[in-house]
Structure formats: structure tokens, C-alpha cells
Amino acid sequence: MPALALLIWVVKHFVFGGFGQQDQSYRLFLQAQFLPHGTPVHTTALFWIWATIGLIGNLVTAVNVAVTVVLPRWVDYLLVGATSLALLASTGCTVMAFWDNDKDLGRYYARATVLDIPASASDAPASARPLTRDARKGDGDRCDHLGAADVPACIKVRPMPNFDFEPRTASYAAAATALKTGSALASGVSLLGHSIHYLPGKGQGHGVWTGVLDGSGSQPTEGVAVWDGTSNSNSACEFKGDHSFDRAFGGNRANSLRNLLAERFPGLLYQDQDVWGYCDGTDLATAKPVIVIAVTRQIAWHKRTVQRPDGVLVLTGSPSGKPVIEHRSTVHPGELPGTVYPGSVVKEQISAVQWLAGRGAKNRDGFGFAHTSTDTNATNPGEYLLRSATDGHYYYVTPLVPRNSSSEAIIAFAVVRADEVDADLNELQVYVQGDTSRPVNLTELSSRMVAWITQQTGVTVTTGAGGNLQEIIPFGKGMWRGFVDINGQTQDYIDVSGDGRTTPNLVYLKQSPPGSQPSPGGAPPPSPQPSATTAPSAPPSATDCGGDPAKLSTSQLAACVSSFSSALANRLQSPPAQ
């Protein structure tokens, strides 16, 4: 069996050497499944299963030899006994490797995780008690308490600071619609779906949405699409002239960018969700398209492998069309306009929190946190890239609900720095909310938003995928913003406070005229009508609805259609006397 595995590698490496993904994926597969450290030391459970199968065959052969071949009795005993002992040892190693395999994954991420609670361990929130119940005293610096389980757990008594996260001006769903339908110019080009990213910019309202316009077959990548979140149109910077680019993620044969990346950087891995782009320049017509990939490296960790962040790949074009690819193993804040830390790794870090209190609390008590599953956020439940107005840094922010529960109460926030990366994990801060104040519930928030919109406009919006209220995202301190999308575009947004103490604020976005070009750097969008400090404008009157439809905004038209539908439904239910 080892000889067969080696033969397959030889064929993939030398016969199919031009297909970089073939060689890379098989080599990493062998490392992950059999020999994480490249030697028979700290091998995986599958390796020991492999060895056990071989030893069973050896034992059968030894017994057969002892029965059929005339040998001294002590030789027979030695042959069978040695093989049996090796088989027992191999079986024990298999069990141990299986038992610790998933826990080792939890240990890897736990070393860069801090659970922040607002009160002492003796008065911890209910969601954190399985971890704090038997906690030991920590160093008082990074950790005030240490978990008692065999997975390292760091607990800090500290409330969530005021990051003052800046709000977005459009939903992910609206960005996906705008970028997918309005950017590509050539046949065979489409938006690389998971490359849709929000780039916060350097001030409130300066963010833009971008996506990579990827080719297919022999069609190369076209460029990077840009949308400011409020305009009726979007534009793109193209790979052309001095910035030509002759490869594509969806390309085949000599056009395959994935094969090229695997050949040049055989140790680096990535997921499509960690691919994004931006336009380097003030004018999209001449700006240089840049593709950024937050990459990971597969490394040995105890008896398994894990994915460790390893900087970014920065891809640009050239006059010859050959991609210029630079690996930056370390990126500091401000060097790139978006995330440089892999969002895929953040997901793994959040998932691994369930191991902090040990296997028993994880399996029996359902300890840990999970992404919300409420319908408004079902397609985009977390890892929101937001900019803090307090310190100017970018963060991944994820509202969390209790794991293994039907509750949609937001009991914690996971926060990870996103604008810096090196060859190690960024620290995950899980800010657990106290039990004394009523936690925010996204289902309740969406209900309050819908009720307020109906009260102000007479329009009843729907929620979730295919509906109008698409997404609810935190910002500021205790504030939440919901986006109202009509025909795939965010027309309005509504801001509400989590505690319900402030009056909701419904803002109708003033749309820029068709054909206007968004700024690649995220210039401020048109001023919303009304401003965040004024009362919302009144819904269209009957006179407005009886006027020229071409003079009404999209939101006014929607309000009129809703009013007409309601009036018709009332008449059909209670027809007037004849």
C-alpha cells in the first residue's frame, strides 16, 4: 500500500506536472491523512489503521508458518507473539489518534482565543458557566482565569469595548445582484461569486463593494467590478494594456490561474471566499486592477494537520499578460484596503470555541456559540468586515447565538482583527453579553423594523431570502441596521437600537443617476434623504400616486403599488353595496 501511494505520486508529479493542482492536492492529502510530520512520528489515525491492516495480514501469515513449517517451537512462539504485540500496539495508537484528532483541532485554535465575560467567574453569564465553573486563576494580564479542561481556555473579565463600528450602506444580497448583473463586458466572463467583498474605506460612508470578474475556458479574467452601494450602476477597472492578465480562476489548460498558483506556491492554499479585488487609482478607466488572496499553509500539529494563515498573494497584470504574483507573508494595517486575514480561518476559530470546556461540556451540554439562522441573515450570518471609528482598524464581527439551541438571542460577539496578518493566528475575542440586560434577538429586531416601515410608509415588507428586509448588521454601540432591497437593490435602510430605547430611523437613499461612475477608493455616497438625525419623509400621498409614475422614486412606486394592492384586497373582501 505505501508503494502504491508513492507510485501514484510519481505519476501525478512527473506525468501530470503541468497540472499544479493535481500534484499539490495529492501531496497535501498524503500529509494530512498519513504523515503530518513527514515521518512515522506523531502519525494519524488513518496511518495506524493502515498499519493495523498490514499487521493482521502478517499475523495470519505467521500463524500459517507456525502450523505448516517445521521450526523450533520457540521460533513459532516468537514469530506469533511479536506480531501480536505489534498488532495490539498499533490498535492502541489508532484509538488514541482517533480520540484526540478533533480535540487537537480545538487545541490549535484555542491558544489564540480569549473569552471575555462582563463579571467575575463566580457570576459569569449562563452561556459561559460550563467553562468558568472550575476555572483556575490566570496570570491577571491576558487571562484572569484558565479553564479546567485539557483544551487551553483563557477567560478575561472585561466588557466589550466601544468599537463604534461604522455602518454599511447596502446589503450583501444587493451587492451580489449589482455586481453580477452589471459589470462583465465579454462572453465567458462572470463574477467569481465568493469574491464579493465589502471594503470599508477610511471614513463613514466611504465603503465600496467589489468582486472579481473571472473568465472561463480560454477567456482570461476581465477585471474588478466596483459598486458604491447606492448608485444605480457600477463600473470596473479592466486588465488591459500595461495591466493585461492572461489567466482565470475558471480557466482551463494554459489559462488556469489555479494551476499556476499551485505550481508557484505549492505550500499555499486558499478558499474562494478569501479572494477579493480592488482598483488601484482614482479613475476606474485607468486604475490598475489588483487581486488579493488571503492564503493559508498546511502545517503539522500533534497527530494531524491544520491550516495556518500565511499572509496574502497580490496579483497584478503586466504588458506581456503574464500575471505578476507577490507573496507577502506579513501585512500591516493600512497596506491594503480590505481584509488580509482569511475569513475561512475565522469560521474555524469560532467553531472551535465549543471545545474550550472539554469534550463532555461540548457533547452533553452543547457548550459553545453558533451563527444566527434567522431568515433575514440566513445567506450572510457573520464575519462582517467593519471599520472601527475608535481606532480605524478593520475587524471581522460576528453576532453569535447559543450553540445547539433554538434561541436566536445574540449572547456574544466574535471579533477578530482583519487588516493585519503574519504566519500565525490573529486573536479571537469572544465578548459574552451579560444576563442582566435582555439580549438582542434578530427575529424581534426584524419584526420591529417591519412594523416601523409599515407605520411610516404603509408598505409591508417581507423578510429573508427573496424578501425586502435582507440583512441586519450591528454598528455603533448597541445599534443595528436593516437593509430594504427592492428588485435586488438597497433602496432604504432602517436603524434601530437593540434595547428599543431610541426611535427607529428610516432613511430613503437618494439614488445617483444611471451611468454615474463609483469611485474605486470608496468616495462618499450621495447624502441619504433624510439624514440620520431628521425624521423620515412622508410616504407618497394619493395625489402623488395619481400623478406621473416616471416622476416617482422606486420606493414611492413601491409604496403606491402596496397601497393599491391593500385597497383592492379590502374591496374584494368587503364589496360595496349595490
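Is Arg308 buried or exposed, and what is its relative accessible area? Arg308 is buried, at 18% relative accessible area; here buried means under 20%, exposed over 50% and partly exposed in between, using a 1.4 Å probe and protein chains only.

A quick note before the views: this is a predicted model, where local features need pLDDT of at least 70, side-chain atom pairs count only at pLDDT 80 or more, and totals for chains, interfaces and linings use all residues. Residues are numbered from 1 along each chain as its sequence is written, and side-chain values use heavy atoms, with hydrogens and water left out.

**View 1. Asp310 pairs with Arg297 and with Arg308.** A salt bridge is a side-chain nitrogen of Lys or Arg within 4 Å of a carboxyl oxygen of Asp or Glu. Asp310 and Arg297 bring their closest N and O atoms to 2.6 Å. Asp310 belongs to strand β15 (residues 304–316) and Arg297 to strand β14 (residues 288–301); strands are DSSP runs (E, at least two residues), helices likewise (H or I, at least four), numbered from the N terminus. Asp310 is buried at 4%, while Arg297 is partly exposed at 28%. With Arg308, the N to O distance is 3.5 Å.

**View 2. Arg111 meets Asp424 in a salt bridge.** Their closest N and O atoms are 3.0 Å apart. Arg111 sits in the loop between α4 (73–110) and β1 (113–117), and Asp424 in the loop between β21 (412–417) and β22 (428–432), 313 residues away. Arg111 is partly exposed at 34%, and so is Asp424 at 30%.

View 3. Overall, the structure holds 20 salt bridges.
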